[in-house]
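Subject: Structure for your review

Dear colleague,

I am passing on the structure we spoke about, together with some notes on what came out of looking through it. Please read the notes with the model open beside them.

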Amino acid sequence: MYCPHCGKDIGEQQEGYCPDCGKKVNSMPSVQKTESSETDTHAQRKKKDNEQILSVLSLIFGILSIICGLGGYIFIFGGPTIGLILGIVGLVFSKKRTEYTSYAKIGKVCSIIGIIVSILVLVTTAVFVGIGVYWDIVQGTQPY
């Protein structure tokens, strides 16, 4: 092992003082240093992969929420309800992303648009159904 201050060979001692320069030497064996650095890079790579997956999922859920929200006139209440849920999930997945921020930002915007579209379609569908039921009652015709 070498002194980190003066560079002289100090033997195998782990802690203490350098016999040449007299400065304190605190170090770990080189084997442990490489293992901890490999663990750190593995943890960083895993975090980066998770960030990428969540950012892409945010984008996918955002786009699906818009599609489901707009499909509300086909599936009356089912489409916008699913669109609202997907939009909320997309927003959750886009939170606090440090990697792949462009995917997360686009996913967040698509999720917000999907939530707004889903709410608007739900409200307009409910209003039109309510007007239809009211009109049937006023006209005196029974819907059944």
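A residue is called buried here when its relative accessible area is under 20%, exposed when that area is over 50%, and partly exposed in between. By that cut-off Ser111 is buried, because its relative accessible area is 0%. Please keep in mind throughout that this is a predicted model.

To begin with the overall layout, the protein chain contains three helices and two strands, and along the sequence these elements follow the pattern β-β-α-α-α. Of the 144 residues in the protein chain, 23% are buried. Among the contacts in the protein chain with a separation of 6 or more, 53% are between residues 24 or more positions apart.

Helix 3, which covers residues 101-139, takes up much of what follows. With 39 residues, helix 3 reaches 56 Å from its first C-alpha to its last, which is close to the 57 Å expected at 1.5 Å a residue. Its buried residues are Ala104, Gly107, Cys110, Ser111, Gly114, Ile115, Val117, Ser118, Val121, Leu122 and Thr125.

How do helix 2 and helix 3 pack, and at what angle? Helix 2, formed by residues 78-94, packs against helix 3 at an angle of about 155°, and the two axes are 8 Å apart. Because angles over 145 degrees count as roughly antiparallel, helix 2 is roughly antiparallel to helix 3. The crossing of these two helices is left-handed. On the side of helix 2 the contact is made by Pro80, Thr81, Gly83, Leu84, Gly87, Ile88, Gly90, Leu91 and Ser94, while helix 3 contributes Ala104, Lys108, Ser111, Ile112, Ile115, Ser118, Ile119, Val121 and Leu122. Sorted by class, the contact of helix 2 with helix 3 has 10 nonpolar, seven polar and one charged residues.

Ser111, which lies in helix 3, is in contact with Ser58, Gly62, Ser65, Gly87, Gly90 and Leu91 once its neighbours within four places in sequence are left aside. Gly114, also found in helix 3, is buried with a relative accessible area of 0%, and its contacts, again leaving aside neighbours within four places in sequence, are with Ser65 and Ile66. Gly114 and Leu64 are 50 residues apart in sequence, yet their C-alpha atoms are 7.8 Å apart in space. Ile119, another residue that lies in helix 3, counts as partly exposed, because its relative accessibility is 41%. Between Ile119 and Gly69 there are 7.9 Å in space, C-alpha to C-alpha, although these residues are 50 apart in sequence.

Not counting residues up to four places away in sequence, Glu51 touches Lys96, Arg97, Thr98, Glu99 and Tyr100. Asp9, by contrast, is found in the segment before strand 1 (15-17) and is exposed, with a relative accessible area of 54%. Asp9 and Asp20 are 11 residues apart in sequence, and their C-alpha atoms are 9.1 Å apart in space.

Terms used
Residues numbered from 1 in each chain as written. Predicted model: local features only at pLDDT ≥ 70, side-chain atom pairs only at ≥ 80, totals over all residues. Heavy atoms only, no water. Helix = DSSP H or I, 4+ residues; strand = E, 2+ residues; numbered from the N terminus. Expected span 1.5 Å × (residues − 1). Buried < 20%, exposed > 50% of the residue type's maximum accessible area, 1.4 Å probe, protein only. Axes fitted to C-alpha atoms, helices over the stretch in contact; angles between N-to-C directions. Parallel < 35°, antiparallel > 145°, perpendicular 65-115°, else oblique. Left-handed = near helix turned anticlockwise from the far one by under 90°. Contact = heavy atoms within 4.5 Å. Nonpolar A, V, L, I, M, F, W, Y, C, P; charged D, E, K, R; others polar.
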